[in-house]
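Please keep the sequence and the structure in view while reading.

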Amino acid sequence: MFRSTSLRLAALYTAAFAVAVVVLGVITFFSTRETLQEQFDRRVRAESAALAQEYRTEGLNGVVEAVRERDHTPGALRYGLRGPGGVAVAGRLGAAQTPLGWSVVLKPGEPRDEAMRVYAADLPDGYVLLVGDEADRIELLDGALLRGFGWAFAGIVVLGVVGGFALSRDVGRRLAAISGTAEAIIDGVLARRVPVRGSDDDLDRLALTINRMLDRIAGLMESLKQVSSDIAHDLRTPLTRLRNRLESGLADPGERDQALEGALGDLDAILDTFAALLRIAQIEGGARRAGFRPCDLSDVARTVVDAFAPSAEEVGQSLTLVADAPARVEGDPELLTQLLVNLVENALRHAGPSARIEVRTETGEGGPRLVVRDDGPGAPADERGRLMDRFYRLERSRSTPGSGLGLALVAAVAKLHGAEVQLLDAGPGLEARIAFPPAG
Amino acid sequence: MKLLVVEDDRDGAAYLKKALSEAGHVVDVATSGRQGLLLAAGEPYDVVVLDRMLPELDGLAILRTIRAAGVKTPVLLLTALGGIDDRVEGLNAGGDDYLVKPFAFAELLARVNALARRPPPQDTPTELSVADLKVDLLKRTVTRGGQRVELQAREFQLLEYLMRHAGRVVTRTMLLEGVWDFHFDPKTNIVETHMSRLRGKVDRGHGAELIHTVRGAGYILREPD
C-alpha cells in the first residue's frame with residue numbers, strides 16, 4: 001500500500017499540513033495570550049485610574065464608598081484600600097501587603113485557593129489603592145485555545161488520511177487499468193486499449209496518448225506483417241521459377257548458359273520486388289519525414305517528363321507537361337520524383353501504343369495537385385480502388401512486365417505527404433490525381 | 001591499381017578479390033573493422049571498398065576515423081541498407097560513392113574505376129576534349145571536328161558526364177544518379193533512349209564513333225583505336 005505514489009503524496013501533504021497547524025497554533029497561542037493579558041491589565045489600570053480620580057473629586061469617603069460598592073458587584077474585579085501603616089480600610093484586597101506596581105497575591109479560599117494579579121497605586125496621604133483580577137483567567141482561556149487547536153489538528157489528520165486513501169484508491173485504480181492494458185498487450189491481446197473516462201484530466205489525457213501510441217504501433221506492425229506475407233506469397237512464384245531454371249541448366253549442359261542468363265534475370269526481378277517492398281514498408285513506417293523541405297511539384301514534373309518523353313516518343317506515345325505556375329509543397333523531392341515516375345511509367349505501360357499522356361500541376365484553393373492523365377483503356381470503376389493494393393494487377397495486365405507494386409508505392413508516398421490519391425475515369429483513360437494539403 | 005576491400009563476409013571478400021584481380025587490380029582484403037582501419041590508415045591505396053556493416057567497428061566509424069586523420073583515399077561504401085537516409089548518412093560521413101547490395105560486379109568495377117582517377121576537386125577544367133570532340137563547360141557548347149553540335153540541356157549533361165569519365169565504363173545506374181539524380185531504378189529505358197539521341201548527334205556522320213556500348217555493363221566514351 002505504501003508503494004502507492006498518490007498515498008505517499010497524500011501522507012506527505014497531511015504531515016506538512018499538520019506541522020503547519022502546530023506552528024500556527026503556537027504562534028496564535030502566544031500572541032493571543034499576550035494580547036489578552038494586556039487587555040486585562042489595561043482594564044485593571046483603568047479601574048485604578050478611575051478610583052484615583054474619585055479620590056481627587058470626592059475625597060477619602062468617596063473612594064471608600066466606591067471601593068466597597070465595586071468590590072461587591074458580581075463578576076467585577078477585586079478592590080481594596082490600604083491605609084497608612086498597612087491597615088486595611090475597605091475591600092477584600094485591603095489587607096494585602098503588596099508593593100506598588102504589579103504583583104501576584106495568593107489567597108487561601110473556598111472552594112479553592114485564589115491567585116490574584118494585583119496592581120497597587122498610591123494615593124495621597126499614605127493610602128494605597130489595590131485593584132486585582134483573577135490570575136487564572138488567562139489559564140482558562142489557554143485551555144480553550146489549546147482544545148480548539150487540538151480538534152483542528154485531529155480533523156486535519158483524519159481528513160488527510162481518509163482523503164489520501166480515497167485519492168490513492170481512485171488513482172491506483174486508473175493506473176491499474178493502464179498497467180492492465182499493457183500486460184494484456186504483452187500477453188498478445190493487441191487490440192486492448194486503456195479505458196478513457198472522458199473527464200479530460202491529466203490521467204485521461206495520458207490514457208489517450210497511450211492509446212494513440214498503441215494505434216501507431218499496431219499500424220506499423222500491420223505494415224510489417226503485410227510485408228512478410230507479401231514476401232511469402234509473391235516471391236515464392238519467381239523463386240520457384242528460378243529454381244526450375246537452375247535445375248534444367250544442371251540437367252542439360254547444352255542449355256547451361258541460357259539457363260544461367262535466365263536465372264540472373266529472374267534474380268534481378270526478385271531483388272527489384274524485394275527492394276520495392278522494403279521501400280514501401282520504410283515509407284509507410286513514416287521515418288522519411290526527416291527529408292522534407294519546400295519543393296516545387298512543377299520542377300519534379302519537368303525533370304520526369306524531360307527524362308521520359310523521348311522513350312514515349314520512341315513507341316509512338318506522347319508525354320507532355322502542363323505546369324503554368326509553381327506548385328509548392330512541403331515534401332521529399334526524391335520520393336515525389338519516384339511517385340511521379342511510377343505514375344508515368346504506369347501510364348506508358350498500360351495506356352497502349354500511340355497513347356497521349358499528360359502530366360499536369362495545378363494550384364488552387366484545395367491545395368497543389370499533381371495529375372497524370374492518359375487516353376488509354378483506363379480501369380473498371382470497381383477495380384480502381386484496389387489498384388493501389390500491393391501486387392494487385394488488372395486481369396489484362398498480368399502478361400505485361402511489372403511487379404504490381406508501383407501504385408502501392410505511390411499510395412505510400414502520398415500518405416507520407418498527407419496527400420490524397422484519386423484514380424478517376426478520364427473518359428477514355430485513367431486520371432491519377434494526387435491532391436496535396438494546402439500550404440500553411 | 002591498388003585496392004583495399006574491407007568486408008566481413010569471407011566468401012564475398014574472396015569473390016571480390018578474385019574478380020577485381022582478374023580486372024587487373026592489386027587487392028588487399030581485411031575481414032574485420034580493426035584490420036581494415038589499420039590498413040586504410042597506414043597504406044596508400046587508390047580506392048577503398050568498405051562494407052558499411054562490420055562487426056565490432058562499423059564501416060562509418062572507420063570512414064570517419066580515416067577522414068579525421070586526413071586520409072583522402074576515395075571510398076566506395078557497400079551496404080545492405082538501401083534507404084535514402086542511409087545513403088545521405090554514408091556520403092556525409094566522407095564516402096565518395098555508395099552501392100547497395102546485392103550488385104552486379106560490372107557496376108562495382110565501373111564505380112571503382114570512376115573513383116580512382118577522379119581529378120582533384122580544386123582542378124576544375126573549363127573545357128573537356130576527346131579526339132575531335134570538344135565540350136566548352138562555360139559557354140555550354142559542343143563541337144565535333146570544328147562543327148557545332150546542338151544539344152538539349154539534358155543531352156549536354158549526359159555528354160559532360162561521359163567526357164568526365166572518358167576512357168572508363170559508366171553504368172546505367174551511374175548515369176541515372178549523376179545526370180538525372182534518380183536514386184531508384186525506372187523500368188523504362190530512359191538512359192538508352194537519351195543515349196541513342198546523343199549518339200545520333202555526336203557520332204553520326206563524324207567517322208569514328210566515340211561512344212560505345214559495353215555489353216552487360218554500360219557505356220564508354222573513348223578515343224578511337
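**The contact between the chains**

In this predicted model, 21 residues of chain A are in contact with 19 residues of chain B; contact requires C-beta atoms, placed from the backbone, to lie within 7 Å. Helix 5 (256-284), helix 6 (297-314) and helix 7 (333-350) of chain A each supply at least two residues of the side of chain A that touches chain B. Helices (H or I, at least four residues) and strands (E, at least two) are DSSP runs, numbered from the N terminus.

Helix 6 of chain A gives the largest share of that side, 7 residues. By type, the residues of the side of chain A that touches chain B are 9 nonpolar, 6 polar and 6 charged. Here Ala, Val, Leu, Ile, Met, Phe, Trp, Tyr, Cys and Pro count as nonpolar, Asp, Glu, Lys and Arg as charged, and the others, Gly among them, as polar.

**The sheet of chain A**

Chain A has an open sheet of 5 strands in the order 7-9-10-12-11, with mixed pairing; two strands pair if DSSP finds at least two bridges between them. Strand 7 (318-322) and strand 11 (420-425) of chain A are the edge strands, each pairing on one side only.

Strand 7 of chain A runs parallel to strand 9 (residues 356-362) of chain A, and 5 bridges join them. Ser318(A) has Arg356(A), in strand 9 of chain A, as its bridge partner.

**Numbering and confidence**

Residues are numbered from 1 along each chain as its sequence is written, and chains are lettered from A and ligands numbered from 1 in the order in which they are written. In this predicted model, local features need pLDDT of at least 70, side-chain atom pairs count only at pLDDT 80 or more, and totals for chains, interfaces and linings use all residues.

Methods:
Contact = placed C-beta atoms within 7 Å.
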